[in-house]
Amino acid sequence: MINFKQVKNPMPEQDPQIRARNFKEVSYGYTAQQAVNEAMRCLKCRKKPCTTGCPVMVRIPDFIAKIAEGEFEAAYQIISETSALPRICGRVCPQENQCEGVCVRGIKGEPVAIGRLERFVADWHSAHVKDYEEAADIPASKGRKVAVVGAGPAGLTCAGDLVGKGYDVTVFESLHKSGGVLAYGIPEFRLPKDIVAEEIGKLEKSGVKFITNAIIGRAETVDELMEEGYEAVFIGTGAGLPSFMKIPGENLLGVCSANEYLTRINLMKGYLEEYDTPVPSGKRVAVIGGGNVAMDAARCAMRMGAEKVYIIYRRSMSEIPARREEIHHAIAEGIDFQLLRNPVRIVGDKDGHVTGIECVKMQLGAPDTSGRRRPIEIKDSNYVLDVDNVIMAIGTKLNNLILNTTEELEANSKGGIGTDENAATNREGVYAGGDAVTGAATVILAMGAGKTAAASIDEYLSNK
């Protein structure tokens with residue numbers, strides 16, 4: 001018999017064999033009764049480690065207590081005090097490494113399903129509260145302008161916090177749609193795009209202005225924004241340049257980056273039949289990498305009609321960096337994990353099309369600088385997988401456009417924009433956060449950086 005005090009209430013979801021061929025959301029979310037049952041597992045700890053484990057410091061025990069009482073709107077208001085994107089965070093945040101990772105309930109059994117509860121509350125609010133009720137508390141404008149560069153998680157959070165403090169905020173986005181990685185990177189089956197649009201719509205109703213197709217560093221510089229009257233600028237441009245392995249055959253037809261592949265499917269709606277977006281759609285697909293982006297690309301390839309999809313990763317399952325939930329879903333959907341394997345060459349035919357990928361088997365040695373055991377090649381273990389499409393998902397590089405076009409702006413040791421602990425750069429009035437500073441990281445860490453920057457900008461302008 002299951003002890004529900006020790007085990008999370010299971011999340012209802014689509015059957016793997018059905019969902020592997022559609023882009024509908026995998027998980028259905030908790031019912032009201034399931035949410036109340038899960039909330040009652042909370043131990044109401046005095047020290048509240050889950051709150052300190054949250055990058056945006058959501059008052060987790062407080063909102064869970066409201067769910068247990070059936071006060072769902074009150075729970076939402078508590079979350080909204082510190083989080084601008086609760087419907088998104090409840091779906092894509094790596095809670096297992098943050099709030100749930102330090103949940104005391106998890107010492108004996110499974111932690112409270114904090115992410116699932118956040119999703120339930122935010123979805124309940126969206127279904128039951130009208131727009132006009134949300135727009136009632138817009139603060140009076142201070143008449144002071146702030147520019148936010150980048151409409152991803154960091155920029156959206158910074159903008160939401162600043163407009164809530166009465167600043168006139170304009171967000172400049174280089175693409176034709178706001179959302180950053182939320183719009184172009186995370187697939188529909190994990191994060192429906194109407195949810196992203198709704199969360200951005202709430203920011204617009206609160207007073208945030210959005211200007212799309214605006215490449216800051218090209219159309220105009222950060223310095224020119226400040227000359228136009230913006231008293232502070234936040235840079236949250238992300239880290240979107242793709243990386244490749246530099247192995248033979250990467251220039252063959254049928255090889256692409258995960259960035260391009262996911263952008264075509266998500267932002268350009270390649271997953272919808274009524275759109276003619278060209279998307280590489282091989283029957284046998286190899287995805288190189290072991291992070292969440294690799295899982296997203298592999299699961300998209302299956303949904304785009306592939307008959308066989310491989311994930312090729314040079315370490316073992318113990319070292320793979322993707323979320324456990326995403327790995328579980330990928331395996332259930334039929335993705336073939338080729339672990340302790342490393343590509344050395346992409347094979348093509350006389351017409352330049354991919355026909356296979358040559359891999360070498362690996363074994364794990366001593367830990368490297370990352371703390372993970374270093375993969376070592378096994379001599380003469382090469383073999384070829386028959387594939388006609390290869391997707392590179394081995395990470396992203398920083399785009400230095402802002403650094404190169406902003407006078408005297410300093411870089412950090414990683415090549416990103418240099419900041420102090422308050423998100424301030426060496427240039428007065430210029431702040432930065434998220435992947436533009438740290439390199440590729442998580443949505444919630446980017447949101448935390450945007451929140452830190454908003455507080456610093458408010459302090460700076462209040463004292464100016």
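**Entry 1: Arg 59 and Glu 81**

I looked up the salt bridge between Arg 59 and Glu 81, whose closest N and O atoms are 2.6 Å apart. I take a salt bridge to be a side-chain nitrogen of Lys or Arg within 4 Å of a carboxyl oxygen of Asp or Glu. Arg 59 lies in the loop between helix 3 and helix 4 (60–68) and Glu 81 in the loop between helix 5 (72–80) and helix 6 (86–92), so the pair ties together parts that are 22 residues apart in sequence. Helices (H or I, at least four residues) and strands (E, at least two) are DSSP runs numbered from the N terminus. I noted Arg 59 as partly exposed, because its relative accessibility is 32%. The classes I use are buried for under 20% relative accessible area, exposed for over 50%, and partly exposed in between, with a 1.4 Å probe and protein chains only.

The model is predicted: local features need pLDDT of at least 70, side-chain atom pairs count only at pLDDT 80 or more, and totals for chains, interfaces and linings use all residues. Residues are numbered from 1 along each chain as its sequence is written, and side-chain values use heavy atoms, with hydrogens and water left out.

**Entry 2: Other salt bridges**

I found 33 salt bridges in the structure. Glu 25 forms one of them with Arg 119, the closest N and O atoms being 3.2 Å apart. Glu 25 sits in the loop between helix 1 (16–19) and helix 2, and Arg 119 in helix 7 (residues 114–128), so this pair ties together parts that are 94 residues apart in sequence. I recorded both Glu 25 and Arg 119 as buried.

I then turned to Glu 326, which forms a salt bridge with Arg 299 at 2.7 Å between the closest N and O atoms. Glu 326 belongs to helix 15 (residues 324–332) and Arg 299 to helix 14, so the pair ties together parts that are 27 residues apart in sequence. Glu 326 and Arg 299 are both buried. Through shared partners, salt bridges join Glu 13, Arg 19, Arg 190, Asp 296, Arg 299, Arg 303, Glu 326 and Glu 333 into one network.

I examined helix 14 (residues 292–303), which has twelve residues and reaches 17 Å from its first C-alpha to its last, close to the 16 Å expected at 1.5 Å a residue. The expected span is 1.5 Å times one less than the number of residues. Helix 14 is mostly covered, with ten of its twelve residues buried. Among the buried residues are Asp 296, Arg 299 and Arg 303.

Helix 11 (residues 193–206) has 14 residues and reaches 20 Å from its first C-alpha to its last, close to the 20 Å expected. Its buried residues include Lys 193, Glu 199 and Lys 202. Just after helix 11, I found a positive phi of about 120° at Gly 207.

**Entry 3: Nonpolar cores**

A nonpolar core is a set of buried Ala, Val, Leu, Ile, Met, Phe, Trp, Tyr and Cys residues joined through side-chain atoms within 4.5 Å. In the largest one, of 68 residues, I listed Ile 60, Phe 63, Ile 64, Ile 67, Leu 117, Leu 182 and Ile 457 as touching the most other members. Helix 18 (residues 443–463) supplies the largest share of this core, nine residues. Apart from this core lies another, of 32 residues, among them Phe 189, Val 287, Ile 311 and Tyr 313.

I also looked up Ile 67, leaving aside its neighbours within four places in sequence: its contacts (heavy atoms within 4.5 Å) include Ala 35, Phe 72, Leu 117 and Val 121.

**Entry 4: Loops and positive phi**

I noted that Lys 44 has a positive phi of about 55° although it is not a glycine. Lys 44 is placed in the loop between helix 2 and helix 3, and counts as exposed at 58% relative accessibility. Leu 43 lies in the loop between helix 2 (32–39) and helix 3 (49–52), and is partly exposed with a relative accessible area of 43%.

Ala 423, not a glycine either, has a positive phi of about 70°. I located Ala 423 in the loop between helix 16 (401–405) and strand 16 (430–432), where it is buried with a relative accessible area of 6%.
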